[in-house]
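Welcome, and thanks for taking a look at this chain. Below is a short tour of how its parts sit together.

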Amino acid sequence: KGKCPEDGWDESTIELFLHELAIMDSNNFLGNCGVGEREGRVVSGLVARRHYRLIHGIGRSGDISAVQPKAAGSSLLNKLTNSVVLDVIKLAGVRAVTSCFVVPMATGMSLTLCFLTLRHKRPKAKYIIWPRIDQKSCFKSMITAGFEPVVVENVLEGDELRTDLKAVEAKIKALGAENILCVHSTTSCFAPRVPDRLEELAVICANYDIPHVVNNAYGVQSSKCMHLIQQGARVGRIDAFVQSLDKNFMVPVGGAIIAGFNESFIQEISKMYPGRASASPSLDVLITLLSLGTSGYKKLLKERKEMFSYLSSELKKLADNHNERLLDTPHNPISLAISLKNLDESNDGAVTQLGSMLFTRQVSGARVVPCGSVQTVNNYTFKGFMSHANDYPCAYLNAASAIGIKKQDVDVFLKRLDKCLKTFRKEAKQEKSINEISDSNAATEQLED
């Protein structure tokens with residue numbers, strides 16, 4: 001049926017299945033006589049076993065989705081993986097999706113491939129409208145494709161940074177719709193930025209006949225992000241949405257899924273990929289989904305959502321204890337942030353010092369964002385870089401509840417963060433006491449004089 005099984009398979013069954021696919025490839029035929037330049041020869045047995053002897057990769061020189069006659073097993077693996085992944089994307093909330101394929105590149109390069117495909121449809125276009133998100137790879141994806149990003153600053157609503165729809169439409173009118181390649185929006189992002197207003201952007205794109213590409217990097221694990229894509233496609237225009245394999249399916253870095261609602265356009269993107277490609281990302285995600293089954297993946301999604309609620313409530317308690325606050329970002333379903341206002345005011349370098357303290361205590365993934373940092377990326381200068389705004393009101397710390405997170409991870413993180421913040425408070429008290437003593441001594445000296 002080409003769908004993800006409801007119940008996961010055991011490892012021996014998966015291995016048997018992969019061996020059956022492998023013996024369909026010509027390099028594994030007993031009497032094979034290869035006289036070409038690429039015959040699936042592997043000198044190391046360890047490497048051959050690591051890839052289950054599926055050596056030929058996927059696709060042909062002209063199309064990553066094409067069937068390779070001398071690699072029937074690898075070709076079948078590719079077709080099955082794309083079909084199973086499509087089933088899981090529908091399961092995760094984008095019911096209207098019609099086509100997708102796994103590409104052996106991470107999210108940034110996959111976005112670049114989408115932009116390069118659109119170039120042929122819109123040869124006059126040179127601009128990409130991009131609601132600002134301070135993440136280098138999605139910015140560089142536009143530069144690498146040879147386009148000029150038009151950065152649209154976000155608007156502050158309460159604590160949240162949201163899409164400035166009026167500014168997007170103003171840019172379209174100023175530049176001319178025919179000169180714009182697409183709108184490049186984002187779902188998954190670090191708080192206090194929240195997912196773009198996808199429905200409204202999709203309507204704007206439909207009204208001005210401009211393509212719309214969505215960076216859905218780690219959005220598959222969030223029903224809210226997937227709902228936004230589903231709704232955007234229903235009321236307006238979304239041409240493609242791109243998601244990472246490692247962030248959503250817990251496999252090694254190196255693959256992404258390009259998906260959309262127009263099968264012919266998604267096929268155009270796959271044909272734009274030059275040459276055949278590594279089968280490793282496809283193999284990894286197929287093994288993972290076969291072992292989980294739909295029931296196992298649904299369970300992981302449910303646990304992630306529960307851990308988000310737990311992290312949110314516990315982080316709020318911790319922030320209150322340290323006279324800080326959990327930033328109010330209800331539209332962000334994955335990432336949270338607590339203010340570091342007192343820390344920032346007490347010591348210029350304290351915020352970045354907190355980040356390094358957490359890292360040396362084996363806390364990974366938490367991001368500390370100081371006020372006013374400036375960074376240049378490909379000759380574009382961003383003020384307040386990492387905070388998605390020129391002047392966000394306070395410094396803060398991010399933490400995310402991503403798929404696979406456990407209660408133990410949350411508890412250990414909170415314990416170590418609490419200890420680090422207490423260290424700063426203790427140092428601040430000592431410094432205050434020293435200052436008070438020195439002030440008192442100075443006053444005594446004045447009296448004696």
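Predicted model: local features only at pLDDT ≥ 70, side-chain atom pairs only at ≥ 80, totals over all residues.

**The interface between the domains**

How many residues of domain 1 are in contact with domain 2? There are 39 of them, and they touch 40 residues of domain 2. About 3400 Å² is buried between domain 1 and domain 2, with carbon and sulfur atoms giving 64% of that area.

Polar pairing is part of the picture too. The rule finds 20 residue pairs in polar contact across the interface of domain 1 and domain 2, both residues being at pLDDT 80 or more. On the side of domain 1 that touches domain 2, at least two residues each come from α3 (72-92), α5 (136-144), β3 (148-152), β5 (160-162), α8 (223-235) and α9 (245-249). Of these, α5 supplies the largest share, four residues. Sorted by residue type, this side of domain 1 holds 22 nonpolar, five polar and twelve charged residues.

**Salt bridges**

Side chains of opposite charge can pair when their charged atoms come close. Searching the whole structure turns up 15 salt bridges, and one salt bridge is found across the interface of domain 1 and domain 2.

| Salt bridge | Distance (N to O) |
|---|---|
| Asp159 and Arg325 | 2.7 Å |
| Arg132 and Glu153 | 3.2 Å |

The pair of Arg132 and Glu153 links distant parts of the chain, 21 residues apart. Arg132 lies in the loop between β2 (127-131) and α5, while Glu153 lies in the loop between β3 and β4 (155-157).

**Annotated positions**

Which residues carry the feature "binding site" in UniProt? The record, an unreviewed entry, places the feature at Arg60, Ser61, Gln68 and Arg276. These positions are spread over 217 residues of sequence, yet they cluster in space, with a largest C-alpha distance of 9.7 Å. One of them, Arg60, sits in the loop between α2 (45-50) and α3.

Methods
Residues numbered from 1 in each chain as written. Heavy atoms only, no water. Contact = heavy atoms within 4.5 Å. Buried area = accessible area lost by both parts, 1.4 Å probe. Salt bridge = Lys/Arg side-chain N within 4 Å of Asp/Glu carboxyl O. Polar contact = N/O pair within 3.5 Å; in protein donor to acceptor, adjacent residues only side chain to side chain. Nonpolar A, V, L, I, M, F, W, Y, C, P; charged D, E, K, R; others polar. UniProt positions renumbered as here; feature names shortened; annotations may be inferred.
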